[in-house]
Amino acid sequence: MNFFCRLLLIWVSSASFQQSAANEWNQFRGPNGSGVLEGARPPIRFDGQDPTWHQAIPSGHASPVLWGQRLFLTGLEEGLLQTLCLDTRSGHLLWKQQAPKVTLASHHKASSPAASTPCVDEQRVYVYFDSFGLLCYDHEGNEIWKRPIPTPKSLYGMSSSPITSNGKVFLVLDNDLKLPESQLRQSKLMALDGATGEILWETPRPYQKSGWSTPALWAHGGKEELVVLGNGRAYGYDLQEGKELWYVNGFSRETIAVPIMDEERLFLSAARQGGAGDEVIDPEPFWSSLLTFDQDQDGRISKEEITDLFTLPIRPELPIEHPGFGIPLPKDPEQRRKRQADLFGWRDKNQDGFLSKEEFVSEMMIGSGRPHLCAITPGGRGDITQTHIAWSLHRGIPEIPSPVVYEDRLYLLRSGGMLSGVDTVTGRMLFQERLGASGQYSASPIRVDQHLLAISESGILSVIPLKGPFQVAHQTSLNGSVHATPAMDMVTLYIRTTEALLAFRGEASFPPK
Ligand SMILES: [Ca+2]
Ligand SMILES: [Ca+2]
């Protein structure tokens, strides 16, 4: 390739990527959460090979992140929340900073008070601990600013990680706590000035309960949107003011994976919470049938419009008098009225005495527990559930690990060591194979060139070539269990085990062949 071609290639690839960030593993799952660092060639085979270096670190589930020759990670040591910076060449500790001493928020035993992964840009590293809030340091470890944030109430503890772009920091704070005198939640999305920690905007997410997914940026058509996957729904927001642009329904209560994308589509996935799953529901006929009770025709149901027949529709195609139409109610008049009031009151989220379409639909959508992977096409506004889903798939969907996209395939890694390949254009499942390393998978798979790397919680690393028929080309046992997604630079793979950070460095040849 001559110099001009190479220059053109660099220009084309950077223009299509539309990310101003450098090619650094600077956040959870690397550039924009993709699980890929283009051009990186760290080693992928190391049977019995000692790591290039290893460094004892405090406990935590946060992934390491990098900028240049500095690696950042967080941990918990003797009750203190810490941010550490290591030299990538030697593993030596360059600095360690403690967050202000706080009472630690409670966590599910499968999580950690240091679960959110930091993000880093050219000037600063941004750290979120749900027990404290946000902290910002320069690369030398000097504190630039800090912002305490009340701990959101979360089923298992927070794990959504902040992301940074163009000097801004974005943080999802989904929260089970309700707003005063309301069934709406305190959930919100926040953008801050990375230099000062000032809040640029906050967008309420009142229909969202706690969630665990890290947001991602979706660039298309010369624009960039912030995509947030939360329980029941994913939203797209504009970056300037946090304005809600679109949403798509059909996800379960528990959303964990990062949104990922290729040139054409956005991919969103969530496993079921458990229990029976239904089709992605079109709420329109349900709402239309409920409007049968809207006597004054103001487009909402008031308490006064609750008649003897009132119930919530299950089969909206039936007339309201039909016993199969809605949720069955007691025959006893008093009990019946009480049950009707409960059905109404529970859905009247803002408790204003009216059941609005938005309140009704949001509750319906959260009820769906079906595992759901879908491909979204760009450009939609408002509810795009019926208009911009290119395809959906309801099997093989991972619980914790995020997918990886490569060429025209999406790779899904489920606990038990089950790997699926899905056609990005059609949504057709192309294969489903076992890695031969079972157990829980919490770390997301990452891609190194034409190979997928998967690490189980018990520390079994599998290498799967992405060209040719399915095979596990290499498998090795790391010393220790692994909850964190690995990180990489151009020549090194960094793996966090429960006790140590391991670095495996290949030939220091660059650019790699
Ligand atoms: Ca009405
Ligand atoms: Ca209401």
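How many residues lie between strand 27 and strand 28 in their hairpin, and which residue in the turn has a positive phi? Strand 27 and strand 28 are separated by 5 residues, and G427 in the turn has a positive phi of about 80°.

This is a predicted model, in which local features need pLDDT of at least 70, side-chain atom pairs count only at pLDDT 80 or more, and totals for chains, interfaces and linings use all residues. Residues are numbered from 1 along each chain as its sequence is written, and chains are lettered from A and ligands numbered from 1 in the order in which they are written.

**Strands**

Strands are DSSP runs (E, at least two residues), numbered from the N terminus; two of them pair if DSSP finds at least two bridges between them. An open sheet of 4 antiparallel strands runs in the order 6-7-8-9. Its edges are strand 6 (119-120) and strand 9 (143-148), each pairing on one side only. Two antiparallel pairs are set out below.

G133 stands opposite P148 in strand 9, and S420 has Q432 of strand 28 as its bridge partner.

**S442**

S442 sits in the loop between strand 28 (429-434) and strand 29 (446-448). S442 counts as buried because it has 20 C-beta neighbours inside 10 Å. The cut-offs are 20 or more other C-beta atoms within 10 Å for buried, 12 or fewer for exposed, and partly exposed in between, with C-beta atoms placed from the backbone. Beyond its neighbours within four places in sequence, S442 is in contact (C-beta atoms within 7 Å) with I400, E457 and H483. S402 is 40 residues from S442 in sequence, and their C-alpha atoms are 9.4 Å apart.

**Cores**

A nonpolar core is a set of buried Ala, Val, Leu, Ile, Met, Phe, Trp, Tyr and Cys residues joined through C-beta atoms within 7 Å. The largest one has 113 residues, and V228, A234 and F267 have the most contacts inside it. Residues up to four places away in sequence aside, F267 touches P259, I260, M261, L373, A375, P403, V405 and L410. Another core, of 6 residues, lies apart from the largest one and includes W287, I301, L355 and V361.

**Domains**

The domain assignment, automatic or from a database, gives domain 1 (19-280 + 368-505) and domain 2 (285-366). Their C-alpha centres are 39 Å apart. Domain 1 contributes 12 residues to the contact and domain 2 contributes 6 residues.

Key
Contact = placed C-beta atoms within 7 Å.
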